[in-house]
Amino acid sequence: MPQPHTPDEADASPLVSSVGIIFERTLMARLLYRLGVLSARHRLVVLLVWTVALLGLGGIAATSAQLSEEEGLPETESGLALDIVEAQFGVPAADSLSELQLVLVADDITSDPAASVVRGLVADAQALPSVTSVADPLAPETPFVSEDLTTAVVQISFTDLSDDLDAAAAAQHATEDLAASARASGLTAEVGGSLSVEPVELIGPTEAVGATVAFLVLLVTYGSLAAAGANMIVALLGVIVGTVGIFAFSALVPVGSVTPILAIMLGLAVGIDYGLFILARFRSELRDGRDVEDAVGRATGTAGTSVVFAGATVMIALAGLTVVGIPTITEMGLAAASAVLVAVLMALTLLPGLMSWMGRRALPRAERAHGRPDVPAAPTRTSFLERWGRRVVSRPLTALVPATAILLLLAVPVLSLQTALTTPGGPDPDSTERAAYEMVADAFGAGAQSPLVVLVEPDGADLQSALPSVESALAALDGVSAVAPAQTSPDGTTAIVTVVPTTGAIDPATDDLVEAIRGTSVDGVQMLVTGTTAFALDIAALLTSALMTYLLVVVGLSLVLLVLLFRSLLVPLVATVGFLLSLGAGLGVMVAVFQWGWLDALIQAPQGDPVPSLLPILVVGILFGLAMDYQVFLVSRMHEAHRAGMAPSDAIVEGFRRSATVVAAAASIMAAVFGGFALGLDPLVGSIALALSVGVLADAFVVRMVVVPALLALLGEKAWWIPRWLGRILPDLDPEGHALDDSPTSVETQQRELAGQSL
């Protein structure tokens with residue numbers, strides 16, 4: 001088949017030409033055209049292949065799947081010091097997984113009748129299953145009573161129950177029963193800590209409601225039950241295959257319990273959207289009078305090209321999370337990227353088969369006759385979004401200023417964003433665990449449950465003689481409530497000093513104290529700060545630093561990819577600015593809801609706590625990919641019209657006419673899917689879903705339909721400018737599928753080739 005020659009190729013070097021041929025515009029569109037037609041002709045074979053893949057992966061997942069509750073975290077100073085403490089002293093510095101606290105409060109906990117109740121509870125606790133020891137708070141050798149004699153803490157240690165969830169749940173419930181009996185005796189009692197881990201619910205009622213709303217939006221958009229059903233079926237099958245694939249992969253490497261949820265949430269959203277974009281183009285081709293097979297091929301070759309690019313952008317953004325260097329985030333990003341890959345493949349193979357089966361039933365009943373040679377074309381009507389596009393283009397500043405102001409206003413809460421690796425006392429403010437934590441903090445001080453462990457190693461001096469100086473230096477620091485006597489390791493080579501801060505684990509003052517200890521110098525020794533509190537603070541700081549690095553990487557990536565796609569410098573810059581505005585709006589609303597607690601009556605997940613440290617960087621990666629989806633599908637139509645010779649303002653309106661309705665439907669669907677997850681019980685998943693839901697709506701309806709067209713209208717012809725030298729070396733990705741129209745016989749030629757390859 002002869003390859004068309006672009007004007008720039010004559011000036012390109014042989015090396016550039018050889019690289020550029022990989023992305024030659026005839027290649028992508030025509031290959032996808034062929035794939036679409038072959039999938040349509042052999043739809044049963046395609047269905048069989050996907051069925052075999054699902055059954056094979058399902059068999060592996062059912063027999064060998066492994067989920068891990070352990071968080072993969074990077075090495076930090078506190079983490080390395082903690083390893084030394086465990087090696088030298090034989091036990092972890094803190095073992096919250098195997099210990100519970102029974103917190104008891106009375107007017108005088110040391111006198112009868114309250115003291116008798118405490119002793120009885122200690123005896124009952126010793127009889128609990130899996131108990132290894134119980135510390136009597138009233139015993140002189142192990143006192144754990146507040147100075148005002150109102151609060152006592154019974155520490156109950158269990159064997160390691162991390163691998164036996166049933167036994168852990170039984171021990172947890174038995175301890176809670178002890179607290180209930182203490183309340184019946186007139187004491188105030190709460191249980192601190194948690195042994196049992198509630199299984200994460202992959203799909204719940206709220207998620208099902210979101211999917212149902214998405215289907216209804218599809219039905220209204222298409223006006224065809226067959227088209228809406230096909231779109232939803234392909235998306236759901238893609239989610240099932242992707243999720244089962246993750247569980248199958250866990251047979252090799254265990255994955256976290258939250259990892260599949262992110263993949264399900266994103267896979268379902270993009271699966272519906274990618275199907276919507278291809279089906280919308282298929283319906284447009286049918287309306288233009290093409291036969292079903294040609295319409296399938298053209299829809300796959302044109303909209304499919306944009307789907308490939310958009311999907312690749314999302315996958316690159318998610319896979320790029322590996323640069324952060326945090327195993328948990330890497331795992332979540334790669335799993336979600338694999339779900340997006342499956343969604344793209346489903347849209348390019350299974351959907352064309354269903355489109356060929358539907359034929360003209362993909363159109364509303366009233367339109368099915370139009371498009372045939374013997375039927376007059378249906379009269380066209382100006383849509384609301386087309387009129388909206390004309391208003392934005394005619395008054396760009398009037399549209400741009402208030403839209404930008406609204407997005408900036410929504411982003412204001414980000415200024416008070418507070419993150420934490422974990423929430424002290426557990427994520428639920430109404431739980432007995434949180435109540436116990438607060439009771440101990442009130443009675444013993446805010447920092448009593450967040451001690452810092454200082455590892456002391458000799459550096460040219462005798463360790464024992466240096467320890468008094470270490471203790472004095474630590475006690476003199478601001479923010480220190482108490483310093484426990486140093487404990488020396490059995491071999492005498494190291495020591496640990498426990499420092500109790502005056503502030504809680506997530507208080508910024510505690511972070512300042514950690515830095516102050518690290519900056520303290522004592523001659524002859526080296527000091528490292530560790531412990532659960534220091535470790536969590538180090539991880540949170542690492543994530544904050546990684547967020548800025550990743551944001552720069554993502555912004556740079558968006559500029560490069562969009563320059564390649566649109567062969568313009570200013571269009572990518574406008575798109576990237578729009579993404580940052582959408583990101584600010586999404587994170588701002590999330591902070592207002594989950595950190596400030598503004599929608600407590602609507603949101604089921606706990607509110608009022610710091611945002612999980614993992615959240616901002618995950619939202620950046622996911623929302624970036626989704627924002628680029630809308631940029632591609634909307635602006636590519638504008639680009640197509642401009643390349644056809646339209647003036648910049650007319651090209652913007654034409655882009656609105658052809659794609660704004662589809663983008664609006666896609667954003668509504670994605671927001672419905674994310675909204676279902678936002679209403680769930682898990683605070684991490686809910687907060688991510690809410691940020692994405694708001695971010696998607698802001699990006700589609702405000703950024704892509706107001707900010708971007710207004711800026712493009714103000715820029716005019718300059719928006720599509722690119723230096724001649726850069727235009728010569730850039731490959732033409734052809735997202736609009738011009739290669740399919742390069743000659744009057746181009747489609748017929750491909751059909752003849754396909755006929756020769758028919759199975």
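Helices (H or I, at least four residues) and strands (E, at least two) are DSSP runs, numbered from the N terminus.

## About the model

What you have here is a predicted model, in which local features need pLDDT of at least 70 and side-chain atom pairs count only at pLDDT 80 or more, while totals for chains, interfaces and linings use all residues. Residues are numbered from 1 along each chain as its sequence is written, and side-chain values use heavy atoms, with hydrogens and water left out.

Pro451 is found in the one between α14 and β8 (452-458). At 28% relative accessibility, Pro451 counts as partly exposed (buried means under 20% relative accessible area, exposed over 50%, partly exposed in between, with a 1.4 Å probe and protein chains only).

Pro451 and Val500 are 49 residues apart in sequence, yet their C-alpha atoms are 4.7 Å apart in space. Not counting residues up to four places away in sequence, Pro451 touches Thr498, Val499, Pro501 and Thr533; contact here means heavy atoms within 4.5 Å.

Now to the helices. Two packed helices are described by the angle between their axes and the distance between the axes. Axes are lines fitted to C-alpha atoms, for helices over the stretch in contact, and angles run from 0 to 180 degrees between N-to-C directions.

Helix α9 (residues 259-287) and helix α20 (residues 648-678) have axes that come within 10 Å and cross at roughly 160°. That makes α9 roughly antiparallel to α20 (angles under 35 degrees count as roughly parallel, over 145 as roughly antiparallel, 65 to 115 as roughly perpendicular and the rest as oblique). The crossing of α9 past α20 is right-handed; a crossing is left-handed if the near helix is turned anticlockwise from the far one by less than a right angle, and right-handed if clockwise. On the α9 side the contact includes Ile261, Ile264, Leu268, Asp273 and Phe277, and on the α20 side the residues include Val662, Ala666, Ile669 and Phe677. By class, the residues of the contact of α9 with α20 divide into 20 nonpolar, no polar and one charged (Ala, Val, Leu, Ile, Met, Phe, Trp, Tyr, Cys and Pro count as nonpolar, Asp, Glu, Lys and Arg as charged, and the others, Gly among them, as polar).

Arg637 is found in helix α19. With a relative accessible area of 10%, Arg637 is buried. Leaving out residues up to four places away in sequence, Arg637 touches Arg281, Gly655, Arg658 and Ser659.

Helix α13 (residues 396-411) and α21 pack at an angle of about 140°, with their axes 9 Å apart. That makes α13 oblique to α21. In this case α13 passes α21 in a left-handed crossing. Among the residues that meet are Pro396, Leu400 and Leu407 in α13, with Val702, Val706, Leu711 and Leu714 in α21. The contact of α13 with α21 has 15 nonpolar, one polar and no charged residues.

Leu711 is found in helix α21 (residues 683-715) and, at 23% relative accessibility, counts as partly exposed. Leaving aside its neighbours within four places in sequence, Leu711 is in contact with Leu400 and Val574. Leu711 and Val571 are 140 residues apart in sequence and 9.1 Å apart in space, C-alpha to C-alpha.

## Aromatic pairs

Rings of Phe, Tyr and Trp (its six-membered ring) pair if their centres lie within 6.5 Å; planes under 30 degrees apart count as stacked, over 60 as edge-to-face and the rest as tilted. By this rule the count comes to three aromatic pairs. One of them joins Phe144 and Phe444, whose ring centres are 5.1 Å apart and whose planes are at 75°, so the pair is edge-to-face. This pair links distant parts of the chain, 300 residues apart: Phe144 in the loop between β3 (131-135) and β4 (151-158), and Phe444 in helix α14 (residues 432-444). Phe144 counts as partly exposed at 23% relative accessibility, and Phe444 counts as partly exposed at 26%.

Phe579 and Phe624 also form an edge-to-face pair, with 5.6 Å centre to centre and 75° between the planes. Phe579 lies in helix α18 (residues 570-595) and Phe624 in helix α19 (residues 615-643), 45 residues apart. Both Phe579 and Phe624 are buried.
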